[in-house]
Amino acid sequence: MQRVTGVSTEDWAKNVKRSPALPDVPQLDIQNPTSSYATEAYVVKAKEMESAGTVPESIFEGIQTVADIARVRTQFNPLDPEGTGNKEHFIKFTQYIDSAPFLALLNADTMMVETSSHNSSELVNSFVDAFTGIDAKDKDQIVGAVTNLANAALSYSNRIEKYSNFAQNILDVDGDGNVLFHLYSSQFQIKAEERKGTITFDTTYSVIRSVYQLSVGEWRRIRGNFADQTKTSTQEWLSRFTTPCKPNTTIDTPCLTK
C-alpha cells in the first residue's frame, strides 16, 4: 500500500538537491559501525531475477537501489563510522528511508532487552534475539555479522570510553516475493585497549526496530521512476553498507567469537 508522506516517488527518486524535511539532528560524537546481511532466501531469489542491463528491473535490484539512493542523498558512509558514517548521518539515512512513499512500514518500535550478563558475546546474542521475522536458519550467520560489527566498532575506538551506535541492516523476502528491509540499532559504551576490547552495557537496553516492505505490485507501479538510475547489485549493496575493521588495528577481542 502506498503511504502518504508528502513527497512523490518521482521527487524521492530524482531530486538530488533537496531531501525530505528532516528535524534538527544533534551533532553527536557517536561512531556508527554498520553491518548488512542478505538472508539465504533473498540471495537465491535475487540471483534468479538478476537483470542484464544497468537499470534496476527486479524488485531486489529495486530495494537495493532505493537504499543506495538514500545513502548518497544523506551522505551516509558506513565505511567511515567516525565521519559521515556516524550516528547523525545514520539518523538522516533512516529518515530518508522512512520518507519513501512506496515502502510500507510493517513495524516500528523500541524493544527493551533485559540481560543478566555483561559478556560481550551475550550482548551480541541478545541484540540478535530482538530481530523480528528472521528465519532460524539465518540466525547463526546474523550472529556472525553482528560479531563482526562489534569488532569493527572496537577497532575504531581508543582508550577513552565512548558511545557507539550499532546498526544492522537485513534484506529478506517473504513467500509472496515482496522484499523486506530491516533496520535495527542500539547504542552501547565501548572501549578499546592495546590488546583488549570491552563493551559495557546495562542489564536493560533498548533496540530500535523498523521493518519496511516493498511489494511486488508497488514495484511494478513505480519501476519507471527509476529508469535513469544505475542499479545496485546485492554484493555492491552489502559492501557499501558494511563497516570493515579499521586497517592496521592492533585490537584483539577474544571475547567475541563467531
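A residue is called buried when its relative accessible area is under 20%, exposed when it is over 50%, and partly exposed in between (1.4 Å probe, protein chains only). By this definition Ala46 is buried, at 9% relative accessibility. The structure is a predicted model, in which local features need pLDDT of at least 70 and side-chain atom pairs count only at pLDDT 80 or more, while totals for chains, interfaces and linings use all residues. Residues are numbered from 1 along each chain as its sequence is written, and side-chain values use heavy atoms, with hydrogens and water left out.

Helices (H or I, at least four residues) and strands (E, at least two) are DSSP runs, numbered from the N terminus. Ala46 belongs to helix H2, which covers residues 40-48. Apart from neighbours within four places in sequence, Ala46 is in contact (heavy atoms within 4.5 Å) with Phe60 and Thr234. A distance of 7.8 Å separates the C-alpha atoms of Ala46 and Ser58, which are 12 residues apart along the chain.

Helix H5 (residues 120-129) is mostly covered, with seven of its 10 residues buried. The buried residues of H5 are Ser120, Ser121, Leu123, Val124, Ser126, Phe127 and Val128. Helix H6 (residues 136-156) is also mostly covered, as 15 of its 21 residues are buried. From first to last C-alpha, H6 reaches 31 Å. This span is close to the 30 Å expected at 1.5 Å a residue, where the expected value is 1.5 Å times one less than the number of residues. At the N-terminal end, H6 is capped by Asp135, which has a side-chain oxygen 3.0 Å from the backbone nitrogen of Lys137.

Strand E3 (residues 162-173) is mostly covered, 10 of its 12 residues being buried. Strand E1 (residues 34-38) pairs with E3 in the parallel sense over five bridges; pairing requires that DSSP find at least two bridges between two strands. Within this pairing, Thr34 has Ala167 of E3 as its bridge partner.

Side chains of opposite charge can pair when their charged atoms come close. A salt bridge is taken here as a side-chain nitrogen of Lys or Arg within 4 Å of a carboxyl oxygen of Asp or Glu. Eight salt bridges are counted by this rule. One of them joins Glu50 and Lys47, with the closest N and O atoms 3.3 Å apart. In this pair Glu50 is partly exposed, at 45% relative accessibility, whereas Lys47 is exposed, at 59%.

A further salt bridge links Arg209 to Asp109, with 2.9 Å between the closest N and O atoms. Because Arg209 lies in strand E6 (residues 204-214) and Asp109 in strand E2 (residues 104-114), the pair ties together parts that are 100 residues apart in sequence. Arg209 is buried, with a relative accessible area of 11%, while Asp109 is partly exposed at 29%. Elsewhere, salt bridges that share partners join Asp68, Arg71 and Arg240 into one network. Asp68 and Arg71 both lie in helix H3 (residues 59-73), at a separation of three residues, or about one turn of the helix. Both of these residues, Asp68 and Arg71, are buried.

Conventions. A polar contact is a pair of N or O atoms within 3.5 Å; within protein, one must be able to donate a hydrogen and the other to accept it, and residues adjacent in sequence count only if both atoms are side-chain atoms.
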